[in-house]
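Please view the sequence and the structure first.

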Amino acid sequence: MYAKSESERLRSIRLNQEKLRIEDYIHLRDAINSDGNINELGKPTILPSSFTGGPRYMHERTQGAMTHVRSFGRPDLFITFTCNPQWKEITDELMARQKSHDRHDLICRVFHLKLKSLTNLINKWKIFGTTRCFMYTVEWQERGLPHAHLLLWLQEKCMFIR
């Protein structure tokens with residue numbers, strides 16, 4: 001279903017290049033025209049920066065992360081949160097002879113809820129102290145399991161951080 005919806009989004013972008021005012025991207029058009037190999041490929045389709053996962057989207061997110069580093073300095077904590085396919089919430093919902101990797105929808109929902117719970121522990125319950133700001137990104141492993149990388153900037157240094 002994800003592949004279907006993603007291909008539909010891409011098709012919509014390709015068919016609506018004029019409505020997206022792609023011709024207004026002067027610098028992008030100049031870069032495309034200056035590359036000699038691009039004309040051999042056919043008609044180029046420019047992805048808007050709002051397209052999740054596109055290079056311009058990723059560049060904007062990277063610039064946003066760098067703004068945090070410029071404003072608050074280096075992060076105090078880097079936490080990796082990994083999905084466990086043997087979590088009780090996942091295994092309890094599986095049917096007979098079904099493996100956890102058969103239920104991507106279930107894995108995603110449970111991971112999202114546990115990640116939300118972790119961010120609540122960090123920010124609302126202040127287990128590391130008061131948080132100045134935080135950010136995270138969710139990635140997918142080759143086995144199809146999600147994991148998240150969290151960056152935390154704390155108001156005061158933790159006792160166990162040197």
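In this predicted model, Arg-11 and Glu-8 form a salt bridge, with 3.6 Å between their closest N and O atoms. The two residues are three apart in helix 1, so about one helical turn separates them. Arg-11 is partly exposed at 42% relative accessibility, and Glu-8 is partly exposed at 44%.

Helix 1 (residues 2-15) also holds Glu-6 and Arg-9, again three residues apart. Their side chains meet in a salt bridge. Glu-6 is buried, because its relative accessibility of 14% is under 20%. Arg-9 is partly exposed at 34%.

A further salt bridge joins Lys-157 to Asp-76. Lys-157 lies in the segment after strand 3 and Asp-76 in the loop between helix 3 and strand 1, so the pair ties together parts that are 81 residues apart in sequence. Lys-157 is exposed at 59%, whereas Asp-76 is buried at 17%. The count of salt bridges comes to six, among them these:

| Pair | N to O distance |
|---|---|
| Arg-11 and Glu-8 | 3.6 Å |
| Glu-6 and Arg-9 | 3.5 Å |
| Lys-157 and Asp-76 | 2.5 Å |

Next come the strands. Strand 2 (residues 131-140) pairs with strand 3 (residues 146-154) in the antiparallel sense, over nine bridges. Phe-134 stands opposite Leu-152 of strand 3. Five residues lie between the two strands of this hairpin, and Gly-144 in the turn has a positive phi of about 90°.

On the surface, Leu-121, Trp-125 and Ile-127 form a nonpolar patch with about 360 Å² of accessible area together. Ile-127 lies in the loop between helix 5 and strand 2 and is partly exposed at 48%.

Note on methods. Residues numbered from 1 in each chain as written. Predicted model: local features only at pLDDT ≥ 70, side-chain atom pairs only at ≥ 80, totals over all residues. Heavy atoms only, no water. Pairing = 2+ DSSP bridges. Helix = DSSP H or I, 4+ residues; strand = E, 2+ residues; numbered from the N terminus. Patch = residues over 30% accessible without salt bridge, like charges linked within 9 Å, V, L, I, M, F, W, Y side chains within 5 Å. Areas by Shrake-Rupley, 256 points an atom, 1.4 Å probe, with all protein chains shown as cover. Salt bridge = Lys/Arg side-chain N within 4 Å of Asp/Glu carboxyl O. Buried < 20%, exposed > 50% of the residue type's maximum accessible area, 1.4 Å probe, protein only.
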